[in-house]
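Here is a short briefing to read alongside the sequence and the 3D view. Have both open and follow the topics in turn.

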Amino acid sequence: MALGIGTGKRPTSDEPVEELLACHQRIRDMIALALRLGRAAGLPAALPADDVAAAAARVRRYFVEALPRHVEDEEQSLLPRLRGRSGALDAALTAMHDQHGAQGRLEQALIAVCAELAGDPSRHAARAAALVDAATALDAAYAEHLAGEERVVFPALAGLPDAERRAVRAEMRARRLS
Ligand SMILES: [Fe+2]
Ligand SMILES: [Fe+2]
């Protein structure tokens, strides 16, 4: 379709870090899609209503259904196993936790405008600025958040013993089956 939607490549190994990095790519893809959808309202050729509705529904569904599982992976499977190993890691985990809360509030704004456009794509032009604002705020917040996790938290996970990493992977899979 005209807006393009990321394919969300699957990881090729059983390492939990691989799956978490794939989740990060999907987060970046969905924020980029939301930005393209918002900015497309200013283009000379209007997007077909079906494309607007489909893209908005896709973004909304990702942030409502999929992203919370990634946050649970980090809050419930990573944080308790990594806490107390070093001052720098503890600081990164605290920042991660605090950012999850702040981002949740930003996500609600994006979810609301996407839900509106999914139900009534004729509102695309009227709601484009709100969509761009919400996606831009999330883009900035996530740029720092994802980089911090990838720089400090994920390498710490990769350094855990095999049994611990397997347990994390099993918990992540169980979340996606429920
Ligand atoms: Fe996170
Ligand atoms: Fe993350």
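The axes of helix 1 and helix 5 (residues 162-177) come within 9 Å of each other and cross at roughly 45°. That makes helix 1 oblique to helix 5, where angles under 35 degrees count as roughly parallel, over 145 as roughly antiparallel, 65 to 115 as roughly perpendicular and the rest as oblique. This is a predicted model, in which local features need pLDDT of at least 70, side-chain atom pairs count only at pLDDT 80 or more, and totals for chains, interfaces and linings use all residues. Side-chain values use heavy atoms, with hydrogens and water left out, residues are numbered from 1 along each chain as its sequence is written, and chains are lettered from A and ligands numbered from 1 in the order in which they are written.

**Helix 1 and helix 5**

- P16, E19, L20 and C23 of helix 1 meet R165, V168, R169, M172 and R176 of helix 5, contact meaning heavy atoms within 4.5 Å.
- The axes here are lines fitted to C-alpha atoms, for helices over the stretch in contact, and angles run from 0 to 180 degrees between N-to-C directions.
- Helices (H or I, at least four residues) are DSSP runs, numbered from the N terminus.

- Donors are N, O and S atoms within 2.8 Å of the metal (3.2 Å for Na, K and Ca); water is not among the atoms, so sites may look incomplete.
- H70 is buried at a relative accessible area of 3%, and E149 is buried at 1%; buried means under 20% relative accessible area (1.4 Å probe, protein chains only).

**Iron ion (ligand 1)**

- E74 coordinates both the iron ion (ligand 1) and the iron ion (ligand 2), which are 3.1 Å apart.
- E74 lies in helix 2 and H145 in helix 4, so the pair ties together parts that are 71 residues apart in sequence.
- E74 is buried at 0% relative accessibility, and H145 is buried at 2%.

**Nonpolar cores**

- L37, V59, F63, L110 and L131 touch the most other members of the largest nonpolar core, which has 29 residues.
- Such a core is a set of buried Ala, Val, Leu, Ile, Met, Phe, Trp, Tyr and Cys residues joined through side-chain atoms within 4.5 Å.
- Helix 1 (16-40), helix 2 (49-82), helix 3 (87-119) and helix 4 (124-158) each give two or more residues to this core, and helix 1 has the largest share, 8 residues.
- A second, separate core of 15 residues includes L79, A92, F154 and M172.

Note on methods. Buried < 20%, exposed > 50% of the residue type's maximum accessible area, 1.4 Å probe, protein only.
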